[in-house]
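Dear colleague,

I am handing over the structure we spoke about, with the sequence alongside it. My notes on the cavities, the domains and a sheet follow below it.

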Amino acid sequence: MTPRMTRVLLSVAAPVLALVAAFAITSAVLLVAGDPAGEVWATILSWPEPRNLVNIVNSATVLYLSGLAVAVGFRMNLFNIGVDGQYRIAAFVAAVVAGEAWLPGPLNAVLAILAAILVGAAWAGIAGLLRATRGVSEVISTIMLNFISTSIVAYSLRQVAVREEGSNIIGTKPIPESSRIPGFSISSEVSTDVYGFLLIAVLAGVGYWVALNRTRFGFDLRATGQSQTAAVASGVNVKKMTVTAMLVSGGLAGLVGLPILFGNAYSYGSTFQSGLGFAGIAIALLGRNHPIGIALGALLFAFLDEQSNPLQILVDVSPDIVKITQGIIVLTVVISYEVVRRYGQRLEQRQVAQALESSDNTKAEVRA
Amino acid sequence: MTKTAAFFSAAALLLSACGGNGGDTGNGNNGNDGEAAQSDIKVGMAYDVGGRGDQSFNDAAAKGMDQAVEEFGMESQESEAADGEPESAREERLRTFADAGYNPIIAVGFAYSGAVAKVAPDYPDVHFAIIDDEGAQGDNIANLVFAEEQGSFLVGAAAALESKNGHVGFIGGVEVPLIQKFEAGFVAGAEEVNPDIKIEKTYLTQAPDFSGFNDPAKGKTAAQGMFDAGADVVYHAAGGSGGGLFEAAAESGNWAIGVDSDQYELADESVRDSILTSMLKNVDVAVYEFLAEVEGGTFPSGSVRYDLEADGVGYSTSGDFLSQETIDKMEEYKEQIISGDITVSAEP
């Protein structure tokens, strides 16, 4: 087997191992609880209806952006827990800007997207600055900023909210039709469209890959993440990198809520989806911070969420079982990557040892 | 770093799984054993966050359905919302019910407003009912709404009458217009009795974070703060978080006021002696009456308002903690509200 093939096999083995383990553990939980494991898996693993496919792609788009935002920080060893707060305050500002419609049509949408990126970046930037100038752990500051963001949004929402007659939901002014981002329909039978924002998410993924792997900035970022001292020695300004990385992470986080805003909700209200930032952490881990890996992770999580929805109605099992599966997947992924990494290392060592041994033998023969 | 991250996110995911509602998925009411009438109606019930077992709002809806199921021999199935789920999940829940042949479908809570408005037109032959919302309108949608401010007015008056310190409190689950109706009524009732009364007010979370309806720990902290500040009667409109208030009240020897259901009957025995009264929001009556009409062959649509007059809201006296004078006074206010001498505002 060539070393290259071994490497490919090993990198595929890790996630497969993790999924199989998660599958087994979830089944065990189901069996212990006395639930029909077979029916549960049959429902979850059945091929989705077209409208469910649309929902899966849409949820995955949102989760993907969240995963990307977290991954930028991870690559530099920054743990941005604050994506949750960043996306909510950014989505709120975008909703207000788009709702006010200061510019006509699509320009209005562009302005709102830029506003979201700026707000998300600024919000994360606070944590970056605190870390760079005062050494405050970004874990603490971002999680605190989450609470502040929640309160600011709630407070501001009450200032600008419009309330539909008879409804208990309050929200920002709806975005005018001309500024919405049109989706694309996959079939005439499905009333829900795939988010047009999907394209922007793909662009963000490509941009992430290029910036990290093909630019000086990306090199500095990865270098700082792997060894700060080495990075400093090679002339990287770590403080500047910390702030920049948080700004980029926050800017991406600013995009997270926008597919929902421009493709479905059209306003930021009391039923706007929460908790997307935390899902992003799990997905970035699952995807090993690689843009394709994150996409697969986002699709997997979206698939599990969507397919678990009818569980309670059809098989009488709480859809919460899927949350357990997701949690286990995250754990098993980390463990199995470690196991596979160690195995790979040992394999390499053995090969090196063999190579050395044989060259020793040749030398010995030569001497003799 | 990665390991810390893994730990955190796994913990978060697992916690949210536990937070939901562990075991109560089944309802044990699929059909009837035959002695009562057999109806061929299949009811689908979509709960809000917390679901059956929240000892509050969702439980009240469940009670109404259970009663109808038992009485008419209907078949029923239920499903509950998860915290932080996307809009599409709520739509999907309703569609799954409709596709599986459930009719009528009852959506519990205003969070379903958008979902009902979107799904109902796609299934013109299926009948929907939504509780606490008049935003989703349609020929096949019944809107069951309540005058929470009127019931809250009565327990507000009771709180003021029973308070020794002239100091009461209100804990809202999530700051949304619906819960502000409870606050408005409670404050108006307390001030009607005692214009100088001191009233603590707090909301556990802000929309769109709806965890305030299902977080007893937060409820307990908020309640302890109020009791420490000198309040001796605290009312909650916080769904499952109310359990925390009861614990805090029992530990500190103060009064709590329950909400939605008669919480004296539902709460744990160790805390029930701290529940002065409960503001009853008879979601069960509304659900039962809706199902009774469906059983009778008519499908109501449009708004049905349940107020004091219609016995849609009220208060409980289980435990016999309210003094006779207090009850007399409350009955007096009740008459005045029904006759229109007192109008209770729905906004704080």
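**Cavities, domains and a sheet in chain B**

The count comes to four cavities of 30 Å³ or more, and please keep in mind throughout that this is a predicted model. The largest cavity has a volume of about 220 Å³. Its lining is made up of 20 residues, and those closest to its centre are B:Phe57, B:Ile179, B:Phe213, B:Gly239 and B:Asp260. By residue class, the lining of the largest cavity divides into 11 nonpolar, four polar and five charged residues.

As to which elements supply this lining, α2 (57-72), α6 (177-193) and β9 of chain B each contribute at least two residues, and α6(B) gives the most, with three residues.

The domain assignment places 22-146 together with 284-306 in domain 1 of chain B, and 148-281 together with 317-339 in domain 2. The centres of these two domains, taken over C-alpha atoms, are separated by 28 Å, and the contact takes 12 residues from domain 1 of chain B and 18 residues from domain 2 of chain B.

Turning to the sheet, six strands of chain B form an open sheet with mixed pairing, in the order β7-β6-β8-β9-β10-β12. Strands β7 (198-205) and β12 (313-315) of chain B stand at the edges, and each has a single partner strand, so one side of each is left without a neighbour in the sheet. From one strand to the next, the twist averages 15°.

Within this sheet, strand β9 (residues 255-260) of chain B runs parallel to strand β10 (residues 275-281) of chain B, and five bridges join the two. B:Asp260, which is among the residues closest to the centre of the largest cavity, has B:Leu280 in β10(B) as its bridge partner.

Finally, helix α5 (residues 148-162) of chain B lies across β6 (167-174), β8 (233-237), β9, β10 and β12 of chain B, and the helix runs at about 165° to β10(B).

With best wishes

Notes:
Residues are numbered from 1 along each chain as its sequence is written. Chains are lettered from A and ligands numbered from 1 in the order in which they are written. This is a predicted model: local features need pLDDT of at least 70, side-chain atom pairs count only at pLDDT 80 or more; totals for chains, interfaces and linings use all residues. Side-chain values use heavy atoms; hydrogens and water are left out. Two strands pair if DSSP finds at least two bridges between them. Helices (H or I, at least four residues) and strands (E, at least two) are DSSP runs, numbered from the N terminus. Axes are lines fitted to C-alpha atoms, for helices over the stretch in contact, and angles run from 0 to 180 degrees between N-to-C directions. Contact means heavy atoms within 4.5 Å. On a 1 Å grid over the protein atoms alone, a cavity is a set of points where a 1.4 Å probe fits but cannot get out, and a pocket is an open set with protein on both sides within 12 Å along at least five of seven lines; lining residues have an atom within 4 Å of a point. Grid points are joined across faces, edges and corners, and a volume is the space filled by probe spheres set on the points. Ala, Val, Leu, Ile, Met, Phe, Trp, Tyr, Cys and Pro count as nonpolar, Asp, Glu, Lys and Arg as charged, and the others, Gly among them, as polar. Domain bounds come from an automatic or database domain assignment.
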